[in-house]
Amino acid sequence: MAQASETPLIGETGSASGESALDGARIGVVTFPGTLDDRDAARAVRIAGGTAVPLWHADDALGDVDAVIVPGGFSYGDYLRAGAISRFAPLMRRIAESADPSAGAGLPVLGICNGFQILTEAHLLPGSMIKNDHLRFRCADQVLRVENTSTAWTAQFTDDEPITVPLKNQDGQYVADAATLEQLEAEGRVTFRYVGTNPNGSRHDIAGVSNAAGNVVGLMPHPEHAVEAGFGPDDATGMRSGTDGLTVFTSVISSLAGSTAGPDPAGGAA
Amino acid sequence: MSDQDFSIDTVEHASSTPDTELPWDELGLKAEEYERIVAILGRRPTAAELAMYSVMWSEHCSYKSSKVHLRQFGEKVTEEMRRDLMVGIGENAGVTDLGDGWAVTFKIESHNHPSYVEPYQGAATGVGGIVRDIISMGARPVAVMDALRFGEIDHPDTRRVLPGVVAGVGGYGNSLGLPNIGGEVEFDACYQDNPLVNALAVGVMRHEDLRLANASGVGNKVVLFGARTGGDGIGGASVLASESFDDSKPSKRPSVQVGDPFSEKVLIECCLELFGGELVEGIQDLGAAGISCATSELASNGEGGMHVELTDVLLRDPTLTPGEILMSESQERMMAVVTPENAEAFERTLAKWGVEYSWLGEVTDTGRLVIDWNGETIVDVDPRTVAHDGPVYERPYERPAWLDAVQADSFAATEAGKDLPRTAAELGTAVAELVTSPNLADPSWITDQYDRFVGGNTALSQPDDAGVIRIDETTGLGVGLSVDSTPRHAYLDPYTGAQLALAQAYRNVATSGAIPKAVSDCLNFGSPEDPPIMWQFAEAVRGLADGCRDLGIPVTGGNVSLYNQTGGNAIHPTPVVGVLGAFDDVGRRTPSGFERWADGQAIYLLGETAAELDGSEYARLHGHLGGRPPQVDLQREKTLGAVLINASRDGMVDAAHDLSEGGLAAALVEMSLRFGVGSRVNLDALCERDGLDPATALFSESAGRALVALPRSEEVRFKDMITARGLPAMRLGVVDAESGELEVAGDFEGGSFILGLDELREIWSAVIPAHVEG
């Protein structure tokens, strides 16, 4: 468990939600050898009021977590195909089992960037990512539209809310066959869509999708880089002030509170 | 296990065959250097020993031409400069105390020659190499920067070199999870056949985690880990980096290393875990000169000797000879010294990260570095003679004969200099033309290929004056960094040019609000065997050392890159200077652009402007390079720095930007374009106070200046501060958030000119893509 951060992170001392019932939400953050944004994802969870639990790819058990984030990076260097090796990690098998809605509650899982690529490789989400149409790595402050607010990870957004979060990848072009794209559109499973110029040639300007049950969501842009004023993207309020990404993390924490504790906190969680 | 179709030249064999001729010249050694090796050993060297000496005594590794000058960096250090210095020049990277128990280490290095031969891999492994220097100090790398120089933007070869270099810097740094927080890019014909790729890395650690690489403790084990050793990069330091390019020689592509950033990322985490668990006595990175360097430096920095078995090195290519194994610069390798008690725990950690390793030998008390091949001794040397006692040259140097004529050729005497723009229309056109020239155009085609967000601690990055990284998330403590060079000025006068680069980096760091603390330099020059080039080098080092003393910040490390010339054409002297500054809280960093909510804020110009167009971007636009560079006043830079830092600390200013390339015109445009927020300024008072015409006021590149924007409520307090500190300053205009325009008024025909920001941005951002895409 080498990835646990010993350094106290911002947000550990005070939760954004202020609702102590939510502080117990334990959200696993998976680390592969080449994962890069795990610390950022953990920080986002803390700032949102949850507890980040480091998970190591080689472990064969999920342990006590209420949701899982597969963060960005280059899990095995991405020399072959992004996510192609990572999907075989023992932990990914456990995540797939727990995320299967037919087997129970359906663990909320979020894949960001390389994490999204891994989730598609693992067939938890449809489609695939290929190289950007311009063939370059691109880092930019990206505007997205949140088109589905019924998933575990988007419940606190308003319908069609425009948000600004960083985008940074080389293999971000979302592709799927026509039937899949049609199905995603028909079922409202395009969770995030690029606004303005399509940054990488993604089909239907798709930035993120969900599974049918809405517990598994993947997106290429990085909400975890837009959670703390001063260190996020530029937005209308000023330089590096954007914190739109935080709602992704507060959404899952509140949906967990809703599903485990029910509407009445006194009901208690099993 | 090795397919040996070569006979092994053992020490015993060498002693019995004194007359055997060895190819010392092919390995880049000079006749007198070879004779010196024979004298040291008392016999001819073995093939393996010759390989080691040839790479370790290369210019790149031994600093044999530059050493006598670089000493000044140590000699001109004052007590004040030593106060925060925990590790100085000579280790893998210098270490500076930041307070609160935090220390920071940073270093800039060149990878010029490889990047020209093979742009992607050359640049990528440049980043990889400097990052390993940071790791070997026990620090976690937290950011990188890059200073890039290419030939003319419209030259066909620039289209080959630039995209590859940028993709290489990005591809490697992005994969390591290191935000790229800034740097610089310049286009000039002098870099056509010698592009410069300088990479800077910065790392942080707690004081108690500081580690120095040395082999101490007799009986401790020596282990090589990371990637396997292959045939790439053989002679990279000697025959590639330490010679000029020459069309008559075969391609040097096999001398370029090939990078694997994934392996390096794993190596970073693995090394930090080894350090954290106190499982290693020391770690030495393998960069230039590979195993030759690691074994000889570890051994000579320790107390005794070292004995290793070279056939235990894990190979990618089993046909490599011992000499090739010793010289290989395969990337992503580390050497560590481990106590026998920790060996098992060491192996467990490497297994966890999936890193290969092989135990090579142990630390001895013989004072000798002994290397065996299947039990037969092929190297038996005093490691100091390899690592530290290389040749030192007092290269002859003389002021170039052409310099007088160049210095006499002032821009003011040229047609363009006599016919400066006078009317509003002419001035407006000139500003637009200047800021959309390649060297002032939007560099985001380059910087958007770099991840600036990873880690979540980036408070400022390109295009702001300095890159700013938070280190301590509870207090906000952090660092600000800038790298700068002004080669055109250094060409006109290397002493002053080096100080201008230092002053600019210092000013940039202070502009962001950080307190300058330390310097790292990358000195890129032509051939040291050419006395006028050697003079440029000597003058630049003297200027830099004097400048650091006057500013009170020490050089903590760096790198020298010579032989940046092809045939008789040398690059401009290019001392690239990195300055690191400290923040008690990065939350108070000052952005470089006017923000939308700052409507109506006052814009002040700090410092004085002289008629200094020689060597400027404006002169470059008119194809001219001659005259004298701008004057340097380091006391003024200190005063200006103190004002900018205090203004940040007391929350007086909301934007600040230094004036450098392109002068006031470029600074105004950049501050306005940053967030698309316009401004209105009037040049009258400035022209009157400093005795300038409007064009000179706009385009002069006088040092010691900055623009700031501050709320009107802060004006009184700010003016009191600058008055008390004796810094000349004047109110130039106001921020105008609604107009979308930059309006410049003055005492010229037409009264004022207006530049629409949207139109300007369109041209400004199209320059680089138009030349390098496709």
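Axes are lines fitted to C-alpha atoms, for helices over the stretch in contact, and angles run from 0 to 180 degrees between N-to-C directions. The structure is a predicted model, in which local features need pLDDT of at least 70 and side-chain atom pairs count only at pLDDT 80 or more, while totals for chains, interfaces and linings use all residues. Residues are numbered from 1 along each chain as its sequence is written, and chains are lettered from A and ligands numbered from 1 in the order in which they are written.

**Exercise 1. Describe how helix H22 and helix H24 of chain B pack, and list the residues that make the contact.**

Step 1. Locate the two helices, bearing in mind that helices (H or I, at least four residues) and strands (E, at least two) are DSSP runs, numbered from the N terminus. H22(B) covers residues 531-551 and H24(B) covers residues 634-649; they pack at an angle of about 45 degrees, with their axes 9 Å apart.

Step 2. Classify the angle: under 35 degrees counts as roughly parallel, over 145 as roughly antiparallel, 65 to 115 as roughly perpendicular and the rest as oblique. H22(B) and H24(B) are therefore oblique to each other.

Step 3. For H22(B) and H24(B) the crossing is right-handed.

Step 4. H22(B) contributes Gly547(B), Asp550(B) and Leu551(B), and H24(B) contributes Leu634(B), Glu637(B) and Lys638(B).

Step 5. Sort them by class: Ala, Val, Leu, Ile, Met, Phe, Trp, Tyr, Cys and Pro count as nonpolar, Asp, Glu, Lys and Arg as charged, and the others, Gly among them, as polar. The contact of H22(B) with H24(B) divides into 2 nonpolar, 1 polar and 3 charged residues.

**Exercise 2. Work out the strand order of the open sheet of 6 strands in chain B, and say which helices pack on this sheet.**

Step 1. Two strands pair if DSSP finds at least two bridges between them. The order in chain B is S1-S2-S3-S6-S4-S5, and the pairing is mixed.

Step 2. At the edges stand strand S1 (85-87) and strand S5 (180-187) of chain B, each of which pairs on one side only. On average, neighbouring strands of this sheet are turned by 25 degrees against each other, direction ignored.

Step 3. Take one pair in detail: strand S3 (residues 102-110) and strand S6 (residues 196-206) of chain B pair in the antiparallel sense over 9 bridges, and Phe106(B) stands opposite Val202(B) in S6(B).

Step 4. Helix H8 (residues 119-135) of chain B touches S3, strand S4 (140-150) and S6 of chain B, its direction making about 25 degrees with that of S6(B). Helix H9 (residues 156-176) of chain B touches S4, S5 and S6 of chain B, and its direction makes about 175 degrees with that of S4(B).

**Exercise 3. Follow H9(B) to its packing with helix H11 of chain B.**

Step 1. H9(B) and H11(B), which covers residues 261-276, pack at an angle of about 35 degrees, with their axes 8 Å apart, and the crossing is right-handed.

Step 2. On the side of H9(B) the residues are Gly171(B), Tyr172(B), Ser175(B) and Leu176(B), which meet Pro261(B), Phe262(B), Glu264(B), Lys265(B) and Ile268(B) in H11(B). By class, this contact has 5 nonpolar, 2 polar and 2 charged residues.

**Exercise 4. Is Tyr116(B) buried or exposed?**

Step 1. A residue is buried if 20 or more other C-beta atoms lie within 10 Å of its own, exposed if 12 or fewer, and partly exposed in between, with C-beta atoms placed from the backbone. Tyr116(B) has 27 other C-beta atoms within 10 Å and is therefore buried.

Step 2. Tyr116(B) lies in helix H7 (residues 112-117) of chain B. Not counting residues up to four places away in sequence, Tyr116(B) touches Val161(B), Asn194(B) and Pro195(B).

**Exercise 5. How many residues of chain A are in contact with chain B?**

Step 1. The contact joins 30 residues of chain A to 29 residues of chain B.

Step 2. Helix H1 (38-48), strand S6 (138-146) and strand S7 (161-169) of chain A are the elements that each give two or more residues to this side of chain A, which by class has 14 nonpolar, 8 polar and 8 charged residues.

Definitions and conventions:
Two residues are in contact if their C-beta atoms, placed from the backbone, lie within 7 Å. A crossing is left-handed if the near helix is turned anticlockwise from the far one by less than a right angle, and right-handed if clockwise.
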